Amino acid sequence: MIKTLTAHTTQIDDVNAAVSEILEQLDLPNSLKKNSIGFITCYPEFIDTGIVKALSEKFPFDTLGVTTFACSAPGKIGHLALIVSVLTSDDVIFSSSVTNPLNAKNLKTEIETAYKAAAAKLPGKASMIILMSPFTFDFSGDDTIRELDALTGGIPVFGTNAIDDNPDYKNAKAFYNGKENPTTLSMALFYGNINPSFSLGNVSDQNLLPQKAVITSSKGNTIETINNIPAMDYMQSLGLAPDGQMISFANVPLIVDFNDGTQPAARVIIGTTPEKHIICAANVPQGTILSIGSMNQDEVLRVSSKMFENAAGKENKNGAFVFSCLARNSALGLDADSEMEAMQKTLNGKLPFFMGYSGGEFCPVRTPDGKIINRFHNDTIVICQF
C-alpha cells in the first residue's frame with residue numbers, strides 16, 4: 001500500500017519559513033514508512049529563491065519536480081505556490097534517476113542510461129514509471145515514450161511536462177533533488193503490487209463537429225493532408241480558417257482516433273506552414289481518424305468534473321496525481337481557478353491529491369482487450385490513482 005502525504009506553501013521569498021511550513025505539514029518523523037519518494041510542482045520563482053534546493057536537502061528521499069503556473073492540494077489552490085507530494089510505503093520500492101540535458105540527438109542514450117541506473121536499484125522489473133519532463137520543441141513526449149517503451153516493453157508511464165506562465169515558456173524547468181535544468185528529465189520507478197488506475201479526458205462528444213476525416217498524409221507531428229487535400233484547406237472548408245488563418249489554435253483541439261479501440265487523443269495546433277500543413281504538439285499518425293473539437297469553460301468543467309467524480313468513487317485508492325493541460329486553463333477565461341475548485345469540491349476529504357498544470361501529459365490508455373499503451377497527450381486532463 002502507498003500512503004500519500006501533501007504539503008503546500010506560498011512563502012515564495014522566505015526560505016526558512018517555506019521549509020518550516022512544508023516540514024510541519026508533512027510531519028515526516030511520524031509519517032514516513034520504509035520507502036519514500038517526493039514530487040514537487042511550483043511556480044518558477046521557488047527555484048530562483050532557493051526554496052526548492054533547501055527543501056530537497058531536508059528530505060531523506062529523492063525529489064522530482066517541474067515548474068507550473070498553478071497547482072492544488074487538499075484545501076489549497078495557488079498560483080505563486082509550491083506543493084509537495086510524498087509517496088511512502090512499506091511494500092512498494094521507489095527508485096529514481098535524472099538524465100543529463102537532453103536534445104534530439106542524445107535522447108535515446110540519455111533515457112537509456114537514466115532508466116538503467118534507476119532499474120538497477122530495484123529487486124525486479126518496475127511496475128510503472130512517473131516522469132517529470134522538460135518543455136522543449138527539440139523533441140516531443142512521443143519520442144520519450146518511444147524510447148522508454150523500447151527499454152521496458154511498455155510498462156505504464158504517467159507524468160507531465162514543465163510549464164510556466166510566459167508566452168514562450170522560457171522559465172519552464174524540470175528539477176531533481178533541488179538541481180534545476182530546462183532540459184533534464186527525471187523518472188521514478190515503482191516496484192511492487194501497486195495496482196494503479198489511469199483516466200483521461202479531453203473533449204466530450206457534444207463538443208465535436210459531426211464531420212470526421214482521415215489524416216491521409218503526415219510526418220511525425222505534422223499533418224500534410226486530410227481527406228487527400230492540404231490540411232489547412234480542409235480547415236477552411238469547415239469555416240475554421242477564413243483567409244487561410246486558423247481562428248484559434250488553443251480552443252480548437254484536434255481529436256485523433258488511433259483505430260485501435262483506445263480512447264481518442266487530443267492534439268493542439270502549434271503552427272502552420274506555407275505548404276498549408278498543420279504542426280501539432282504531438283504525433284498525428286497517417287491513417288488515423290480526425291475530429292475537430294471546441295474548448296471553452298463549460299466543456300472543461302463538464303469533462304473534468306465527471307473525472308473527479310469517478311476518481312472519488314474508486315475504492316481502495318489512497319492518493320491521486322492530476323495534471324491538466326495549460327490550454328484547458330486558458331479556456332477557463334477569467335475564472336481560471338474553476339477547474340481546481342471543482343476538484344476541491346469533489347475530492348477534498350475523499351483522498352489526498354496533487355495537481356499541477358502541464359505543458360503536455362503522459363498517460364496510458366487501454367485497448368478493448370485490456371492491453372496498456374503508453375501515450376502522450378495535449379489539451380487533456382490525466383489522473384493516476386494509487
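Trainee: At what angle do helix 1 and helix 4 pack, and how far apart are their axes?

Mentor: Helix 1 (residues 15-26) and helix 4 (residues 51-58) pack at about 45°, with their axes 9 Å apart. Axes here are lines fitted to C-alpha atoms, for helices over the stretch in contact, and angles run from 0 to 180 degrees between N-to-C directions. Helices are DSSP runs (H or I, at least four residues) and strands are too (E, at least two), numbered from the N terminus. Please keep in mind that this is a predicted model, where local features need pLDDT of at least 70, side-chain atom pairs count only at pLDDT 80 or more, and totals for chains, interfaces and linings use all residues. Residues are numbered from 1 along each chain as its sequence is written, and side-chain values use heavy atoms, with hydrogens and water left out.

Trainee: What makes helix 1 oblique to helix 4?

Mentor: Angles under 35 degrees count as roughly parallel, over 145 as roughly antiparallel, 65 to 115 as roughly perpendicular, and the rest as oblique. The angle is about 45°, so helix 1 is oblique to helix 4.

Trainee: Which residues make that contact?

Mentor: Contact means heavy atoms within 4.5 Å. Helix 1 brings Val15, Ala18, Val19, Ile22 and Leu23, while helix 4 brings Ile51, Ala54, Leu55 and Lys58. They divide into eight nonpolar, no polar and one charged. For these classes, Ala, Val, Leu, Ile, Met, Phe, Trp, Tyr, Cys and Pro count as nonpolar, Asp, Glu, Lys and Arg as charged, and the others, Gly among them, as polar.

Trainee: How do you know whether Val256 is buried or exposed?

Mentor: Buried means under 20% relative accessible area, exposed over 50%, and partly exposed in between (1.4 Å probe, protein chains only). Val256 has a relative accessible area of 0%, so Val256 is buried. Val256 lies in strand 17 (residues 254-257). Leaving aside residues up to four places away in sequence, Val256 touches Pro264, Ala265, Arg267, Val284, Thr288, Ile289 and Leu290.

Trainee: How many residues are in the largest nonpolar core?

Mentor: A nonpolar core is a set of buried Ala, Val, Leu, Ile, Met, Phe, Trp, Tyr and Cys residues joined through side-chain atoms within 4.5 Å. The largest one has 64 residues, and those with the most contacts inside it include Phe39, Met128 and Phe158. Apart from it lies another core of 23 residues, among them Ile12, Tyr43, Phe59 and Leu82.

Trainee: What is the phi of each?

Mentor: Most residues other than glycine have a negative phi. Tyr169, not a glycine, has a positive phi of about 55°. Asn195 is not a glycine either, and its phi is positive, about 50°. Tyr169 sits in the loop between strand 9 (157-161) and strand 10 (174-176), and Asn195 in the loop between strand 12 (186-191) and strand 13 (197-201).
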